[in-house]
Amino acid sequence: MKFIHTADLHLDSALSSIGNRQKANLRRRELTDTFRRLADFAVSNEIDGIIIAGDLFDTKNATPSVKKQVADVIKSASGVTFFLLAGNHDSKSFDGDFEALLPKENVRILKNAKPFVFGGVVIIGFDDGYDLQTIPPFDDDKFNVVVMHGQTVSGSGEGINVKKLADKNIDYLALGHIHGFSQGKIDKRGKYAYCGCLEGRGFDELGEKGFVIFDTDGNVTFKPFAKRQCREVKVDITGCDSYIAQFDAVKKAVDEFSCEDLYKVVLTGEMQEGQKAETAAIEEKLSDFVFFAKVADETRLKLDFEKLAKEISLRGEFFRVVSDLKIDESEKAAIMKLGFNALDGLEVDDD
């Protein structure tokens, strides 16, 4: 038997990190569309079940329209059984109104550690508060799947200690909560995996996103599936003394990837006094070429420290005052950059 393991779809997310309202609304619809594509994939590839290991929705009170869309997608894949576990974001969205929308024929709500027997497979979901060490071993002659939402830990910390699940005849532990794919072993018999999220929603969710396919032969495979990726690209603009030169360097770096993706471009390198990283202009122009772009300035101001330390001027005094501050060196560099740009008559647009 074959299963899809997904989690952290975060449907109905506000997507506040996308400053463009039109693009944010489109991206919000794309999250739901990807769920629909997932269901279609399951039907086309003869997947027996889809396990959603928490945070199907982004909030505790998802909108009725999004709940209805989820129910419609599940109904459209009537030959696939969906196993749904609530997460830390959406526990209250799994209310009576939502459950009433779902078709009883192919939906199982995982709660209260109730096991579901599905052919030769047993699927059981554990909410928060269970002492993992007290969970009794499962039947040795079944393929046992445990579903949880939370952070793995070692020792006595709060979370999911995988070691406490060893020797319980678990074949696959489907985890949600961490938004990147990873996998490991429970013991000689069992494996565990975080599937990650289906779509990256911001620049803390970089890289390929998708889901896991696992089967009762013990195979575990990550399947990239996102419509778009969130990417962070660093561009050294040392020597680029004009907006055109800086944009050309950025465009060349971004052209290595898809124009359909979301980009955070980080400008690096050294700028001469009187030069400025043209973040706003680059961001506006780059948005004509890619789905979404934001540009951050992490350039350093190239200074003659020995000369400034001796210089009898406002610039020299500013340099000495900042140099004597008891703060982190990176903060000093940022203050000096703003100060010298101001002294040179450049526009200062510090956030």
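1. Leaving aside its neighbours within four places in sequence, which residues is Phe 57 in contact with? In this predicted model, the residues in contact with Phe 57 are His 10, Leu 11, Ala 62, Val 66, Lys 67, Val 70, His 89, Asp 90, Ser 93, Phe 94 and Phe 98, once those sequence neighbours are set aside.

2. Phe 57 also belongs to the largest nonpolar core, which holds 32 residues, and it is listed with Phe 35, Leu 56, Phe 82 and Leu 84 as the members that touch the most other members. At least two residues of this core come from each of helix 1 (21-44), strand 2 (49-53), helix 2 (64-76), strand 3 (81-85) and strand 4 (107-110), and helix 1 provides the largest share, with six residues.

3. In soluble globular proteins, nonpolar side chains tend to be buried together.

4. Strand 6 (residues 121-125) has five of its five residues buried, so it is largely enclosed by the rest of the structure. Val 121, Ile 123 and Gly 125 point one way from this strand, while Val 122 and Ile 124 point the other way, and all are buried.

5. The pairing of strand 6 can be followed with two partners. With strand 5 (residues 115-118) it pairs in the antiparallel sense over four bridges, Pro 115 having Ile 124 as its bridge partner, and the two strands form a hairpin with two residues between them, where Gly 119 in the turn has a positive phi of about 65 degrees. Strand 6 and strand 7 (residues 143-149) run parallel and are joined by five bridges, with Val 145 in strand 7 as the bridge partner of Ile 123.

Terms used. Residues are numbered from 1 along each chain as its sequence is written. This is a predicted model: local features need pLDDT of at least 70, side-chain atom pairs count only at pLDDT 80 or more; totals for chains, interfaces and linings use all residues. Side-chain values use heavy atoms; hydrogens and water are left out. A nonpolar core is a set of buried Ala, Val, Leu, Ile, Met, Phe, Trp, Tyr and Cys residues joined through side-chain atoms within 4.5 Å. Buried means under 20% relative accessible area, exposed over 50%, partly exposed in between (1.4 Å probe, protein chains only). Contact means heavy atoms within 4.5 Å. Two strands pair if DSSP finds at least two bridges between them.
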